[in-house]
Amino acid sequence: MVAPRPIPEWRDVDRATFARDIATRYNPAVLRGLVADWPAVERARESPAAFCAYLEGFDSGAAVDVLRVPPRARGRIDYNDAMTGFNFSRDKATISSVTAKLLGYARFENRPAIAVQSAPIADCLPGFARDNVLAILDRSVAPRIWLGSAFTTPAHFDESSNIACVVSGRRRFTLFAPEQIANLYIGPLDFAPTGTPMSMVRLADPDFTRFPRFREALAAAQVAELEPGDAIYIPGLWWHHVESLEKVNALVNYWWKGPPAASVQADSALDSLLLAVLRLRHLPPEQRRAWASIFDHYVFNSANDPAGHIPEYRRGVLGAMSPEYAKQVKEFVAKQLKAS
């Protein structure tokens, strides 16, 4: 089996370097030591208990989403055996109650896994972002915390660009480019433990009889292991398999759409995929090919302007849309869906 390639690494990255040389390439990058001077990282290097105490000092008492995985799952979130549900339970708890559980579980080998996933720091740990600043992004890009025991999240994608900063523990990232989708054996689009569609292959023990093309994905994979203070840039729509490797792990991430200088709110494109599957997937092959040409012309082919021959005032959805006009288009689409 071919060993995965290492993800390219950068050091001493500042805001200008990131915006000019990294974010423009649509390739992942490891940013070594990017947040090594964070107080949170310094406390994590002292001990798990010191780091947990540091977090507890910011705890607002707000409840956050918590995943609990039984010991037999070995920390991997997944479907249940029948794919009628998932292999974890979900509830609410405070950050301090989770840190207490983490330190308690750390004393045992055959332990359940627990994880806070994507909790807005402004809500649950006010003050943390003031003392731990990611200088290469605008402060309008809001941080989120991922806190838990040893945990594995199967390969999935986010629509947003992402910088993920390891604060405590170690994390291993295995990344696949978007074009590897056919080799990853993606589960249901509308039913996934990860929120977005995920690979059904177990990376640690792949079943090549059931998933033969996964060999091709592995041959194209890129891997990096991050220590506290390191960060990784993951462009939007890149598939990433994430393993937190220690008994107490924490990561702070930043999602944004658009240029990296500031946070830009944008609609999800996944709804477009679901609608296309609903409307086009079961058409005869020749009609699907025809629609593929139409989509390529109007959406995906950037070499030609599909509306260049139309006066600007008559370009409609093919031209620059005001927020008001975009709202009208959405309302029209919603009306059509409701009527069908």
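In this note, two residues are in contact when heavy atoms of each lie within 4.5 Å. The model you are looking at is predicted, and local features need pLDDT of at least 70, side-chain atom pairs count only at pLDDT 80 or more, and totals for chains, interfaces and linings use all residues. Residues are numbered from 1 along each chain as its sequence is written, and side-chain values use heavy atoms, with hydrogens and water left out.

1. **Asn27 and its contacts.** Let us start with one residue. Not counting residues up to four places away in sequence, Asn27 touches Tyr233, Pro235 and Trp238. Asn27 sits in the loop between helix H1 (15–22) and strand E3 (29–32). Helices (H or I, at least four residues) and strands (E, at least two) are DSSP runs, numbered from the N terminus. Across the sequence, Asn27 and Gly236 are 209 residues apart, yet their C-alpha atoms are 9.6 Å apart in space.

2. **How open is Asn27?** Buried means under 20% relative accessible area, exposed means over 50%, and partly exposed is in between (1.4 Å probe, protein chains only). Asn27 has a relative accessibility of 41%, so it counts as partly exposed.

3. **The nonpolar core.** In soluble globular proteins, nonpolar side chains tend to be buried together. Here, a nonpolar core is a set of buried Ala, Val, Leu, Ile, Met, Phe, Trp, Tyr and Cys residues joined through side-chain atoms within 4.5 Å. The largest one has 47 residues, and those touching the most other members are Phe18, Trp38, Phe128, Leu134, Leu147 and Ile163. Take Phe18 as an example: leaving aside neighbours within four places in sequence, Phe18 is in contact with Val13, Ala23, Ile136, Leu137, Ile163, Tyr233, Trp256 and Pro260.

4. **A five-stranded sheet.** Now try tracing an open sheet of five strands, in the order E1-E11-E10-E13-E8 and with mixed pairing. Its edge strands, E1 (5–6) and E8 (151–156), each pair on one side only. Two strands pair if DSSP finds at least two bridges between them. Strands E10 (171–176) and E11 (222–226) are antiparallel, with five bridges, and Leu175 faces Gln222 in E11.

5. **Strand E13 within that sheet.** What are the neighbours of E13 like? E10 and E13 run antiparallel and are joined by six bridges, with Arg171 opposite Ser244 in E13. E8 also pairs with E13 in the antiparallel sense, over four bridges, and there His156 stands opposite His240. Six of the six residues of E13 are buried, so this strand is largely enclosed by the rest of the structure. Trp239, His241 and Glu243 point one way from E13, while His240, Val242 and Ser244 point the other way.

6. **Strand E4 and its partners.** Strand E4 (64–69) is worth a look too. E4 runs antiparallel to strand E5 (89–93), joined by five bridges, and the bridge partner of Asp65 in E5 is Lys92. Four bridges join E4 to E6, again antiparallel, with Val66 partnered by Val116 in E6.

7. **The largest pocket.** On a 1 Å grid over the protein atoms alone, a cavity is a set of points where a 1.4 Å probe fits but cannot get out, and a pocket is an open set with protein on both sides within 12 Å along at least five of seven lines; lining residues have an atom within 4 Å of a point. Grid points are joined across faces, edges and corners, and a volume is the space filled by probe spheres set on the points. The largest pocket has a volume of about 2,400 Å³. It is lined by 44 residues, and Ala269, Ser272, Leu273, Ala276 and Phe295 are the closest to its centre. Helix H8 (270–280), helix H9 (285–300) and helix H10 (323–339) each supply at least two lining residues, and the largest share, nine residues, comes from H8.

8. **The second largest pocket.** This pocket holds about 740 Å³ of space. Of its 37 lining residues, Ser118, Trp146, His156, Thr194 and Trp255 lie nearest the centre.

9. **The cavity.** The structure holds one cavity of 30 Å³ or more. The largest cavity contains about 40 Å³ of space, and its lining is made of Ala155, Phe176, Leu184, Ser199, Val201, Leu203, Phe214 and His241.
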